[in-house]
Amino acid sequence: MAAKASISHVLFDMDGLLLDTEKFYTEVQEIILARYNKTFDWSLKAKMMGKKAIESARVFVEETGISDSLSAEDFLVEREEMLQKLFPTSELMPGGRVSQDNQVWENFAIPSAEGENIRVVKGSPTVDDLFKDAAVDSRGQPIDQTSSCKWNTHLCRNRILGDDPEVKQGKPSPDVFLAAARRFEGGSVDSQKILVFEDAPAGVGAAKNAGMYVVMVPDPRLDISFQKAADQVLSSLLDFNPSDWGLPPFPDTAI
């Protein structure tokens, strides 16, 4: 556990941590594999989670032995088409609604492993509006104006995506988190003062490689062996206690 009062900034992953989207990836990938009489399991999913889209796709086709029949690029095209039909129903994960008045989250950014086709946006009204009125898919495209993700408007003050020019390599490389650390309001922040929230093993690895502390909120189906690198493991964001990290307490209103 980090020393008390050493944490000054926090970073959130998005897919599977704030937004309940991982189930859609699983559903779509199961459908694709069924054509080849193969099954999609959590040992494979654990290797794919948190990586850049093309890296994850290569793992998928190679590990399942279908690379001769389906290229990583074609897999992504097919997967994206199906995901677009599912993302409009996306909801926040428990604890994913972050209060505007909560001092704990006064400074933070959201690194996203996906987003291959969207430009980097920092403090852009376009992205702020996108979060205010709609959910977003893993590539940053608007989904549905009724989505509960609209509560997280302020999360976009500093938003880093996988195609950012500074992100040369995907997770578990530290690039995305180091880029986020350089873009906080007020300037670059020491990695040892940053607490990262992640759900994916590759994301936890990226944060640790960046020299940051990590709270992991894994899917309960993820084998415990993938959770060992995290500094703290929670079953839900609702279980997070700011005082564990020397942070001010939540207000009476639950996140």
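Which helices each supply at least two residues of the lining of the largest pocket? In this predicted model, the helices concerned are H1, spanning residues 22-34, and H2, spanning residues 42-48. The largest share of that lining, 3 residues, is drawn from H1. The pocket itself has a volume of about 270 Å³, and its lining comprises 21 residues, of which Gly16, Met93, Val217, Pro218 and Asp219 are those nearest the centre.

Of its 255 residues, 56% are buried. Among the contacts with a separation of 6 or more, 63% are made by residues 24 or more positions apart. The chain exposes about 11300 Å², and carbon and sulfur atoms supply 48% of this area.

Aromatic side chains form 7 pairs in the structure. In one of these, phenylalanine 12 and phenylalanine 197 are stacked, with 5.0 Å from centre to centre and 15 degrees between the planes. Because phenylalanine 12 belongs to strand E1 (residues 9-12) and phenylalanine 197 to strand E4 (residues 194-198), this pair ties together parts that are 185 residues apart in sequence. Phenylalanine 12 is buried, with a relative accessible area of 1%, and for phenylalanine 197, likewise buried, the value is 1%. Phenylalanine 197 also pairs with phenylalanine 240; here the ring centres are 5.0 Å apart and the planes stand at 80 degrees, so the arrangement is edge-to-face. Since phenylalanine 240 lies in the segment after strand E6 (232-233) while phenylalanine 197 is in E4, this second pair ties together parts that are 43 residues apart in sequence. Phenylalanine 240, like phenylalanine 197, is buried, and ring pairs link Phe12, Phe197 and Phe240 into a cluster.

Helix H7, which covers residues 201-209, has 7 of its 9 residues buried and is therefore largely enclosed by the rest of the structure. The buried positions are Pro201, Ala202, Gly203, Val204, Gly205, Ala206 and Ala207. These residues pack against several other elements, namely H2, helix H6 (175-181), strand E4 and strand E5 (213-216). H2 is thus a packing partner of H7 as well as a contributor to the lining of the largest pocket, and E4, another partner of H7, is the strand in which phenylalanine 197 is located. After H7 comes glycine 211, whose phi is positive, near 80 degrees.

Lysine 45 is located in helix H2 and is buried, its relative accessible area being 3%. The side chain of lysine 45 lies over the face of tryptophan 42, at 5.6 Å from the ring centre. When neighbours within four places in sequence are left aside, the residues in contact with lysine 45 are Glu22, Tyr25, Thr26 and Phe40. Of these, threonine 26 is 19 residues away from lysine 45 in sequence, and the two are separated in space by 7.7 Å, C-alpha to C-alpha. Arginine 79, for its part, is found in helix H4, which runs over residues 72-86, and is buried with a relative accessible area of 2%. The C-alpha atoms of arginine 79 and isoleucine 31 are 9.6 Å apart, although 48 residues separate the two in sequence.

Particular backbone geometry was found at two loop positions. Asparagine 37, in the loop between H1 and H2, has a positive phi of about 55 degrees although it is not a glycine. Asparagine 37 is exposed, its relative accessible area amounting to 74%. The other position is proline 172, in the loop between strand E3 (159-161) and H6, where the peptide bond from lysine 171 to proline 172 is cis, with omega near 15 degrees.

Key: Residues numbered from 1 in each chain as written. Predicted model: local features only at pLDDT ≥ 70, side-chain atom pairs only at ≥ 80, totals over all residues. Heavy atoms only, no water. Buried < 20%, exposed > 50% of the residue type's maximum accessible area, 1.4 Å probe, protein only. Contact = heavy atoms within 4.5 Å. Areas by Shrake-Rupley, 256 points an atom, 1.4 Å probe, with all protein chains shown as cover. Phe/Tyr/Trp six-rings, centres within 6.5 Å; stacked < 30°, edge-to-face > 60°. Helix = DSSP H or I, 4+ residues; strand = E, 2+ residues; numbered from the N terminus. Lys NZ or Arg CZ within 6 Å of the ring centre and 35° of its normal. 1 Å grid on protein atoms, 1.4 Å probe; cavity = no way out; pocket = protein on both sides within 12 Å on 5 of 7 lines; lining within 4 Å. Points joined across faces, edges and corners; volume = space filled by probe spheres on them.
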